[in-house]
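Subject: Structure for your review

Dear colleague,

Please find below the structure I wished to pass on to you. My findings follow it, arranged by topic.

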2 protein chains.
Amino acid sequence: MSTVIALETSDVRFPTSTSLDGSDAMNPDPDYSAAYLRIVTDADDDLEGHGFVFTIGRGNEVQVAGIRALADHLVGRNVEDLLGNMGETWRGFVWDSQLRWLGPEKGVMHMAIGAVVNALWDLKAKRAGLPLWQLLSRMTPEQLVELIDFRYLTDALTPEDALGILRAAAPGRAARETELLASGYPAYTTTPGWLGYSDEKLARLAGEAVADGFSMIKLKVGANVDDDIRRMRIARETVGPDIRIGTDANQRWGVDEAIEWMARLAEFDVAWIEEPTSPDDILAHAAIARGVAPIPVATGEHMANRIMFKQFLQADALQVLQIDATRVGGVNENIAILLLAAKFGVPVCPHAGGVGLCEAVQHLSMFDFVAVSGTTEQRVIEYVDHLHEHFVTPAMVRRGAYRAPVAPGAGTEMHASSRAEYAFPGHD
Amino acid sequence: MSTVIALETSDVRFPTSTSLDGSDAMNPDPDYSAAYLRIVTDADDDLEGHGFVFTIGRGNEVQVAGIRALADHLVGRNVEDLLGNMGETWRGFVWDSQLRWLGPEKGVMHMAIGAVVNALWDLKAKRAGLPLWQLLSRMTPEQLVELIDFRYLTDALTPEDALGILRAAAPGRAARETELLASGYPAYTTTPGWLGYSDEKLARLAGEAVADGFSMIKLKVGANVDDDIRRMRIARETVGPDIRIGTDANQRWGVDEAIEWMARLAEFDVAWIEEPTSPDDILAHAAIARGVAPIPVATGEHMANRIMFKQFLQADALQVLQIDATRVGGVNENIAILLLAAKFGVPVCPHAGGVGLCEAVQHLSMFDFVAVSGTTEQRVIEYVDHLHEHFVTPAMVRRGAYRAPVAPGAGTEMHASSRAEYAFPGHD
């Protein structure tokens, strides 16, 4: 029997805008940041649950305020009750009738819920002595289905559908765990492709990516089509015909512009076009998907919740689904999204990078491989090689694959020294 | 030449949950609240711009933090530049690349932008000595189009489309201004229909609504179908066959449930079913609209932005469009939504009630009548008769119609004494 005694927050910001790491057509100067939280209990095990929302700078204090607004849902609560009924715990946050008005299920308040839910999963996994992916992969189909809120989903995915998918994958779980621990999970890298980099830096980093064993890289596009053609040519000539090259427009275009732009890039054999337009625009994505075929449309990192993912799948508006660890309502909602993707037969290729996103999201793809889709075919997790040193259990990529984490927890714990060093002045 | 010298915020909460005013199937105990702001300048005219986001209690402090995050966009800026280029001003907020990550264009941060934009319009209207509806109604079609961000809209509404709609309505503007000042704008009332009210109170208030001259009332539904049937019968028997009765499920249902539920209420001649399911679910609303026809589907009060409204219209997912004064990015974005509705020929019946929403949104419908749609046919503005006394220029409804405001400003200024009396302890 233990009790939550504190929800501690901090406003952590890394001054990444000075190096143009992370620059794209819509985000020219991000300062990668984390609205960070720790859940502290009175158990004598020294274990804490850590979580965060990734932001890109200004407004990180608003996100911290969102997390703090959830303290009343946690402090004083019985820890075993919270962790033992994670479906109920999730619903308690999302269906708080007053807080719900601030979304509903979108933006600052929903991301705050996601961070707190993820911190609880971190604590639960640490208590179990397992990495999150393994904890989830060893839950029964019935336990997993209980985590999911099916309201607004049943026209596409019922509890019975979900159980069916999970039960079908159950027999191979042990073998896939072994395979994952031996071989890891395929990664691709965005490191070469930021818009702010020179042609020389692009070519050098693209060459290094191939040498490092990556089978796919990604380039930011959308600011200037002639620049994009030049950069795609450099990238393709550098990596050769066998390496996949994805493109990412970061919401820059309307429908016609997206189709026309991609027609000019198609000659370079594009693996996918990511975020061609507003992440809210299901119908526009569907029109773009028809217009740029056979180039697949990839999106999801800015999609607010499972209800949006459901519709993108129903409307054939995406062919590659990109979950994000800190945009939706945490692990529970991402499991719902993985099941939706499995139901529609669409591959999941998570968004990562930023700060801590690689550390967090790898657990979800690995769980998907072991217990949901049962495959890594056509699936890759994004990787960007910066800021990992700030995490207690940093993501490890070797020869183009994420190594399966073995440390207990969700991967979301940042070093106390990093939190202190990069604490934003004037907050916390 | 004047300069913004301060953005002052306050966290104002009215303890409405004690009376069950405002209770519905999803919001059993709202405390109507305002995340409030004042824009103060160094001009010697004593004029301030006031705005707010309506919330229902917990989390209002997060909304206040969102508004504060915009101070750097305002303080020190030239007032005439800001007010003289409101399209540019809007884009400056919405396209702040770092703040945008917190939405994009949804939730706390987007509502914060809406409140600040509305406060600027309040100041602009006060400086012009006109009520907002009249200020807008006297702008040229070209000036109005300049207010709108057409990114993500042009597959449904181009600047040329918008100009065409506004130019077509221009000849009748003066006559409609006169008509509005004489006759007001039709209202309907939700006062009788809260779920928390007894049958006796429902019947009494429904009778009073008819006596007060309203031609439409609305009942909350969705908690229990047998209760809903009983309450609809009482309401219909009380008001007779000629008064319209709308219903509002406040996002309670999935697709099948909505269709089945409304089949059981159809015998009472339902004017519309409002928010049958998640406000994000375009495809589900479209399916429900097909399933409940000829009952129209009404929605919009929780819709995050113009991109969502666009898709609901494209998909025939609503037949009555409900704008809200403080959910989207303020006056500019609501003008875009009014033009979308006009393009698709769908009537706009605003959401109001709460605190200050009647005061604010009436200006938008009146502008729509004078300069956009040119009609009040099939159009009504929601009215709930509480909390108006806290506003400097309270909404006035007489014989079932909103009187056209004549005081300068946007209607969004709350008495300083009310702000002080209902300031939430521990914040501001």
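How much area is buried between chain B and chain A, and what share of it do carbon and sulfur atoms give? In this predicted model, the two chains bury about 4,900 Å² between them, and carbon and sulfur atoms give 57% of that area. On the side of chain B, the residues that lose the most area to chain A are B:Arg58, B:Gln98 and B:Trp101, which together make up 19% of what that side buries. The contact involves 60 residues of chain B and 60 residues of chain A.

The polar part of this interface comprises 6 salt bridges and 36 residue pairs in polar contact, counted where both residues have pLDDT 80 or more. Several elements of chain B each supply at least two residues of the side that touches chain A, namely β3 (49–55), α1 (60–68), α4 (97–100), α5 (107–128), α13 (282–292) and α14 (306–314). One salt bridge pairs A:Asp280 with B:Lys106, with 2.8 Å between the closest N and O atoms.

A:Thr55, in strand β3 of chain A, is also in contact with chain B, through B:Trp101 and B:Leu102. Its relative accessibility is 1%, so A:Thr55 counts as buried. The side chain of A:Thr55 makes a polar contact of 3.0 Å with the side chain of A:Asn60 and reaches the backbone nitrogen of A:Gly57 at 3.3 Å.

Domains of chain A

The domain assignment divides chain A into domain 1 (4–129) and domain 2 (171–417). Their C-alpha centres lie 23 Å apart. The contact between them takes 37 residues from domain 1 and 40 residues from domain 2. About 3,200 Å² is buried between these domains of chain A, with 61% given by carbon and sulfur atoms. In domain 1, A:Phe14, A:Ala25 and A:Phe52 lose the most area to domain 2, together 18% of what that side buries.

Across this domain interface there are 2 salt bridges, and 15 residue pairs are in polar contact, both residues being at pLDDT 80 or more. On the side of domain 1 that touches domain 2, helix α5 of chain A gives the most, with 9 residues. A:Glu105 and A:Arg306 form a salt bridge in which the closest N and O atoms are 2.4 Å apart.

Helix α5 of chain A also holds A:Lys126. With 13% relative accessibility, A:Lys126 counts as buried, and its side chain reaches the backbone oxygen of A:Glu48 at 2.8 Å. Beyond its neighbours within four places in sequence, A:Lys126 has contacts that include A:His50, A:Pro408 and A:Glu413.

Helix α9 of chain A

Helix α9 (residues 173–183) of chain A has A:Arg173, A:Arg176, A:Glu177 and A:Leu180 as its buried residues. Viewed down the axis of α9(A), these buried residues fall within an arc of 105°, so they line one face of the helix. The other side of α9(A) has A:Ala174, A:Ala175, A:Thr178 and A:Ala182 exposed. The cover over the buried residues includes α6 (132–137), α7 (141–145), α8 (159–169), β4 (185–193) and α16 (357–372) of chain A. After α9(A) comes A:Gly184, with a positive phi near 75°.

Salt bridges

Side chains of opposite charge can pair when their charged atoms come close. Over all chains, the count comes to 56 salt bridges. In one of these, A:Lys310 meets A:Asp155 with the closest N and O atoms 2.8 Å apart. A:Lys310 lies in helix α14 (residues 306–314) of chain A and A:Asp155 in the loop between α7 and α8 of chain A, so this pair ties together parts that are 155 residues apart in sequence. A:Lys310 is buried, at a relative accessible area of 0%, whereas A:Asp155 is partly exposed at 36%.

A:Lys343 and A:Asp161 also meet in a salt bridge, at 3.2 Å from N to O. Since A:Lys343 lies in helix α15 (residues 330–344) of chain A and A:Asp161 in helix α8 of chain A, the pair ties together parts 182 residues apart in sequence.

In chain B, the side chains of B:Asp248 and B:Lys218 form a salt bridge of 3.7 Å, N to O. The pair links strand β6 (residues 244–248) of chain B, which holds B:Asp248, to strand β5 (residues 216–220) of chain B, which holds B:Lys218. B:Asp248 counts as buried at 0% relative accessibility, and B:Lys218 counts as buried at 0%.

With kind regards

Methods
Residues are numbered from 1 along each chain as its sequence is written. Chains are lettered from A and ligands numbered from 1 in the order in which they are written. This is a predicted model: local features need pLDDT of at least 70, side-chain atom pairs count only at pLDDT 80 or more; totals for chains, interfaces and linings use all residues. Side-chain values use heavy atoms; hydrogens and water are left out. Buried means under 20% relative accessible area, exposed over 50%, partly exposed in between (1.4 Å probe, protein chains only). Helices (H or I, at least four residues) and strands (E, at least two) are DSSP runs, numbered from the N terminus. The arc is that of the directions from the helix axis to the C-beta atoms. Contact means heavy atoms within 4.5 Å. Domain bounds come from an automatic or database domain assignment. Buried area is the accessible area (1.4 Å probe) that two parts lose on being put together, summed over both. A salt bridge is a side-chain nitrogen of Lys or Arg within 4 Å of a carboxyl oxygen of Asp or Glu. A polar contact is a pair of N or O atoms within 3.5 Å; within protein, one must be able to donate a hydrogen and the other to accept it, and residues adjacent in sequence count only if both atoms are side-chain atoms.
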